[in-house]
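Hi there,

Here is the structure I promised to send over. Have a look at it first, and my notes follow below.

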Amino acid sequence: MNVAEVYALAAAAHAGQFDKIGVPYIEHVRAVAVGLVSFGDHLVMAGLLHDIIEDTDWTGERLREAGVPDHVVALVEAVTNERGVPYEEKVARITGHGRDAVLLKVADNAHNSHPDRAVKLPKGQRTRLAAKYRAARDILWPAVEDRDIETIVRIVNPSLLDELRERQNSGSPS
């Protein structure tokens, strides 16, 4: 299965779904995928599919049966929320799944944190999500190279470049 076929699968699976700000959900997965283009087709495919198990009736097994490469499905499974698992624990677990899983979640986090999206949320929700996503970056970013984070956020959410520079200037590892 190639990127175009995976995009068609994702578009069909998320048809009729809208995100928290009322935008068709496919726009979110597309933005995540675009941020991963520099890392190859498998990460682009994973970006397109990263929420499919969580938000549709698709399963990992069904994705494999449809011809999605096993490595891509494994990445999607690695970032899929599990009921009852606290978000911070989930994010920490992702770091144990390797660089590609972390980069996938970095791209997702960057898009979820985009100021153009956040401004459309009610203030309380915006504040809560900003803290949640910042805490996730504190876990995710040290697990991968700064240059890889920069490649993603330059495309997906350039407003995070200042945060990345602050982190680099503070002497944080990576």
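To start with a question: does Glu145 count as buried, partly exposed or exposed? Glu145 counts as partly exposed, because its relative accessibility is 38%. Please keep in mind that this is a predicted model.

Glu145 also has a charged partner: Arg147 forms a salt bridge with Glu145, with 3.7 Å between the closest N and O atoms. Arg147 itself is at 57% relative accessibility and so counts as exposed.

In helix α12 (residues 161–169), Asp162 and Arg165 are 3 residues apart, so about one helical turn separates them. They form a salt bridge too, at 3.5 Å between the closest N and O atoms. Asp162 is partly exposed at 48%, and Arg165 is partly exposed at 36%. There is also a network of salt bridges that links Arg134, Arg137, Asp138 and Glu163.

Turning to the rings, Arg62 lies over the face of Trp58, 3.8 Å from the ring centre. Lys132 sits over the face of Tyr87, at 4.3 Å from the ring centre.

Finally, Val34, Val37 and Ile155 make a nonpolar surface patch of about 250 Å². Val34 lies in helix α2 (residues 25–34).

Best wishes

Note on methods. Residues are numbered from 1 along each chain as its sequence is written. This is a predicted model: local features need pLDDT of at least 70, side-chain atom pairs count only at pLDDT 80 or more; totals for chains, interfaces and linings use all residues. Side-chain values use heavy atoms; hydrogens and water are left out. A charge sits over a ring if NZ of Lys or CZ of Arg is within 6 Å of the ring centre and within 35 degrees of the ring normal. Patches are made of residues with over 30% relative accessible area and no salt bridge: like charges are joined within 9 Å, nonpolar side chains (Val, Leu, Ile, Met, Phe, Trp, Tyr) within 5 Å. Accessible areas come from the Shrake-Rupley method with a 1.4 Å probe; for residues, only the protein chains shown count as cover. A salt bridge is a side-chain nitrogen of Lys or Arg within 4 Å of a carboxyl oxygen of Asp or Glu. Helices (H or I, at least four residues) and strands (E, at least two) are DSSP runs, numbered from the N terminus. Buried means under 20% relative accessible area, exposed over 50%, partly exposed in between (1.4 Å probe, protein chains only).
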